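Welcome! Here is a short briefing to read alongside the structure shown below.

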Amino acid sequence: TCAVQTGCFAGDTAGLPVTISASGSYRLTSNLVVPNENTSGIVASADNISIDLAGFEIRGPVVCSGAPVACIPSSGTGSGVINPSIGISGNSVRNGSIRGMGLFGVYLEFQSEATNLRVRSNRLSGIRTGYGSSVSSNTAYQNGGEGIYAIASSIVSGNTALQNAGWGIGTGNGATVSGNTAAQNGSDGINTGSGSTVSGNT
């Protein structure tokens, strides 16, 4: 209610996206439904923001389906949770679903965490994170790009990437990729940069 009627706290105006501009812990109390493929659900514009979806969903209008996967609409700029600029660090998103977004399901910068999320039918990557991040225990299904992409020196563990249009799981250099399952993706199941460790995956 606060997201669309009044703004939820200082720095957030009425209407989506919800803009978080102060470090701290935040939790959804209902689903967030964005009106179109160009609107984001949550913009996290400060360091050290922790977002608990509490089992709820951020939902947009994009539908991805078929083999190879194609998304309709085929363009859009809205993401479920996004850091708006390079250099933001230490943010986390966990415990919920993000689907149907016009750009990314989740886009976080340096030293971030994405945990226990279900990301599907997003036009590009389901989850994309910056250097030194941790991506664990997520399911990425039928996204229009990679299921999961983590830049260099990240840990990617215990995820399932299924029927995404691009790589199931991709990383930059020096990553650790372990205990994941990747199946029926449009490109490589797992693709890593140099100096990475890849073990115990299916």
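A residue counts as buried when its relative accessible area is under 20%, as exposed when that area is over 50%, and as partly exposed in between. With that in hand, please keep in mind that this is a predicted model. The protein chain has 202 residues, and 47% of them count as buried. Its secondary structure comprises one helix and 23 strands.

**Overall shape and surface**

- The radius of gyration of the protein chain is 16 Å, which agrees with the value near 17 Å that a compact globule of 202 residues would have.
- The C-alpha trace spans about 50 × 35 × 25 Å along its principal axes.
- About 8200 Å² of the protein chain is accessible surface, and carbon and sulfur atoms hold 49% of that area.
- Among the contacts in the protein chain with a separation of 6 or more, 36% are between residues 24 or more positions apart.

**Disulfides**

- How many disulfides does a search of the whole structure find? The search finds two.
- A disulfide is a covalent bond between the sulfur atoms of two cysteines.
- One of the disulfides links Cys2 with Cys8, with an S to S distance of 2.0 Å. The torsion about this S-S bond of Cys2 and Cys8 is about 85°, so the disulfide is right-handed.
- Cys2 has a relative accessible area of 32% and is therefore partly exposed. Cys8, at 27%, is partly exposed as well.
- Another disulfide links Cys64 with Cys71, with an S to S distance of 2.1 Å. Here the torsion about the S-S bond of Cys64 and Cys71 is about 105°, which makes this disulfide right-handed.
- Are Cys64 and Cys71 buried or exposed? Both of these cysteines are buried.
- When the bonded cysteines of the protein chain are numbered in sequence order, the pairing reads 1-2, 3-4.

**Aromatic pairs**

- A pair of aromatic rings is described by the distance of the centres and the angle of the planes.
- The structure holds four aromatic pairs. One of them is formed by Phe104 and Tyr107: the ring centres are 5.0 Å apart and the planes are at 45°, so the pair is tilted.
- Why does Phe104 count as buried? Its relative accessibility is 11%, and the cut-off for buried is under 20%.
- Tyr107, its partner in the tilted pair, counts as partly exposed because its relative accessibility is 23%.

How values were computed: Residues numbered from 1 in each chain as written. Predicted model: local features only at pLDDT ≥ 70, side-chain atom pairs only at ≥ 80, totals over all residues. Heavy atoms only, no water. Phe/Tyr/Trp six-rings, centres within 6.5 Å; stacked < 30°, edge-to-face > 60°. Buried < 20%, exposed > 50% of the residue type's maximum accessible area, 1.4 Å probe, protein only. Disulfide = S-S within 2.5 Å. Helix = DSSP H or I, 4+ residues; strand = E, 2+ residues; numbered from the N terminus. Rg over C-alpha atoms; globule rule 2.2 N^0.38 Å. Contact = heavy atoms within 4.5 Å. Areas by Shrake-Rupley, 256 points an atom, 1.4 Å probe, with all protein chains shown as cover.
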